[in-house]
Amino acid sequence: MKALNKTERVAHEFGPFYNEDSRVLILGSIPSPKSREQGFYYGHPRNRFWPVLGALFDETAPSTVEERKAFLKRHRIALWDVLASCEISGADDSSIRNPEPNDMNVILNNADIRAVFTTGAKAAKLYEKLCLPLCGVAAQSLPSTSPANCAFSMERLTKEYAGILKYL
C-alpha cells in the first residue's frame, strides 16, 4: 500500500462523460485514487456527490458506475475534471503541483452546455487559471462534496447544488 503522503504523477485515466444533450458540465480537480480504481467520477464511498445529486432529483443515489452514467444521461449532466494530469499526494487537492489542464472545448463544442460548475475551491482556482483563458466560458464554484469538507452538511450541499437545476 502506498503511503498517503507520497506525491505521484497522476494522469486522468478515463475520459469525460457527456453527450450532445448535456446541459450542465460539473468539473472536479482530478480523480481520487478510489475514482481511478473504479474508472469513474466520485468513487469514494464517503464522497457526498452522488447522494447530493440524488437528493436534488428526489431519487435514490446511484451506486454503480452503470447507474451513475444512466442518472447523468437522464438529467443531462456532463462530468469531467479540470486537470488531465498533475503531481498529487493521494486525494489531497492542496498538494497539487505541475497541473496540466483538460481541453474543455472537447465538451463545449460538442454538447448543449448552458453552465459550467466546479466542485471545490481548488478546482475553481485551477479552472480559472488554466481553462478559462482557453475556452472563454466562466464557471460557477460549488463546495466540495468530499468527506473532508465537514463545514458543509448534506442539507447545505444540496441547497448549494440546486443552482444547477435552472440550467437543465
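Author: Hi! A term to start with: two strands pair if DSSP finds at least two bridges between them. Helices (H or I, at least four residues) and strands (E, at least two) are DSSP runs, numbered from the N terminus.

Reader: Thanks! How many bridges join β1 to β4?

Author: Five, and the two strands run antiparallel, with β4 covering residues 83–89. In β4, C86 is the bridge partner of V10. This is a predicted model, where local features need pLDDT of at least 70, side-chain atom pairs count only at pLDDT 80 or more, and totals for chains, interfaces and linings use all residues. Residues are numbered from 1 along each chain as its sequence is written, and side-chain values use heavy atoms, leaving out hydrogens and water.

Reader: New topic: which residues of α6 are buried?

Author: L157, T158 and Y161 are buried in α6 (residues 154–161). Buried means under 20% relative accessible area, exposed over 50%, and partly exposed in between (1.4 Å probe, protein chains only).

Reader: Why are they on the same side of α6?

Author: Because they cover an arc of only 100 degrees around the axis, taking the directions from the helix axis to the C-beta atoms. E155 and K159 are exposed on the other side of α6.

Reader: What do the buried ones pack against?

Author: The buried residues of α6 pack against α2 (49–56), β6 (115–119) and β7 (139–142).

Technical notes
Contact means heavy atoms within 4.5 Å.
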